[in-house]
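Morning, everyone. I have one structure to walk through today. Let me put it on the screen.

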Amino acid sequence: MTEILVSDVNLNSVCERLEQHCCVDQNQQNLSSQPQTPVLKRHTNTGAKLWGRVRSKLLRQKLDPQTVQSKNWHMDVIEMNGIKVEFSMKFTSRDLSLKRTPSKKQSGVFGVKINVVTKRERSKVPYIVRQCIEEVEKRGIDEVGIYRISGVATDIQALKIAFDTNTKDILMMLSDMDINAIAGTLKLYFRELPEPLLTDRLYPAFMEGIALSDPAAKENCMMHLLRSLPDPNLMTFLTLLEHLKRVAEKEPINKMSLHNLATVFGPTLLRPSEAEITKAQHITSASDIWSHDVMAQVQVLLYYLQHSPISFAELKRNTLYFSTDV
């Protein structure tokens, strides 16, 4: 019996694991000469067919309103050609999966303010960001769907713990880990910041700036907003920005365009913290702000990705300030 735990409707990675568990290797059958009870012969494509059945089952459950609304674990069993898969699953709403979760401790890096981390490390960009980017550029930049395809949750959690505890073997772990898990760890780090990388304070201005119709006014506004970011936030953003541009240069191979990358990272870098969401009187829930602003969040990041190279030194050297009011 194979037990699979499904916790975040990550259907692709779940089904891939099921396929690996369920595929039958005929060479592993017992070849002992002693008389034995006849073994049911399994078809070589049993794993693929069973994978398809489980995938269909998960998709049906995902579309069932009663299942989605339930907070309880739902158990099911699927059997085929002598292989039985028993799995438990429940669905987490987008509100919870995208919720920023500030850490109660200040010793790690996940859920800790970025200025606290950079000050502790005496660095301009957090170590976790630099190392994940370096590893992705070393062996993942040609990977199809990099940053879009989810890594295995247990691998991502292992890396999260390693970075939080400053494990000495972190470099060895990174070199051995699946590249999608490393990409997922980087996304998780930004998602769990207590406030977005582009800050709660500037969020309304980013939303107003990206909506400007006059190109010159938009340019002035968007550059002014970058200058207004705290130095650790700005340096980290510019580092990530140039990395994503290099990833997009390989679009013919990895299929990740600037727009695809903006779609993946935009909400992660901009989505306000829960405290800011509740302050907005015209927004009633986290799901509302997602539906209202997600496209604008994507457009903000896309604007900077499509912009010519942005220099930290030049931004700081320019002392002109522009109003975002039009």
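Let's start with a cysteine: is Cys221 buried or exposed? Cys221 counts as buried because its relative accessibility is 1%. Buried means under 20% relative accessible area, exposed means over 50%, and partly exposed is in between, with a 1.4 Å probe and protein chains only. Cys132 is buried too, at 0% relative accessibility. What about disulfides, meaning a pair of cysteine sulfur atoms within 2.5 Å? A search of the whole structure finds zero.

Now the ground rules. This is a predicted model, where local features need pLDDT of at least 70 and side-chain atom pairs count only at pLDDT 80 or more, while totals for chains, interfaces and linings use all residues. Residues are numbered from 1 along each chain as its sequence is written, and side-chain values use heavy atoms, with hydrogens and water left out.

Next, the overall picture. The protein has 17 helices and three strands. Those are DSSP runs numbered from the N terminus: helices are H or I with at least four residues, strands are E with at least two. Of the 326 residues, 46% are buried. A contact means heavy atoms within 4.5 Å. Among contacts with a separation of 6 or more, 73% join residues 24 or more positions apart.

On to the aromatics. Rings of Phe, Tyr and Trp (its six-membered ring) pair if their centres lie within 6.5 Å; planes under 30 degrees apart are stacked, over 60 edge-to-face, and the rest tilted. How many aromatic pairs does that rule give? The count is seven. One of them is Phe110 with Tyr189, edge-to-face, at 5.9 Å centre to centre and 85° between the planes. Phe110 sits in the loop between helix H4 (94-97) and helix H5 (114-121), and Tyr189 in helix H9 (residues 179-191), so this pair ties together parts 79 residues apart in sequence. Both Phe110 and Tyr189 are buried.

Tyr303 and Tyr304 also pair edge-to-face, at 5.6 Å centre to centre with 80° between the planes. Tyr303 counts as buried at 17% relative accessibility. Tyr304 is buried at 0%. Phe206, Phe237, Tyr303 and Tyr304 form one aromatic cluster.

Last stop, Thr236. Where is Thr236 placed? In helix H12, residues 231-248. Thr236 counts as buried because its relative accessibility is 0%. Leaving out residues up to four places away in sequence, Thr236 touches Ile114, Lys124, Val125, Pro126, Val129, Phe190 and Leu197.

That's the tour.

Terms used: A disulfide is a pair of cysteine sulfur atoms within 2.5 Å.
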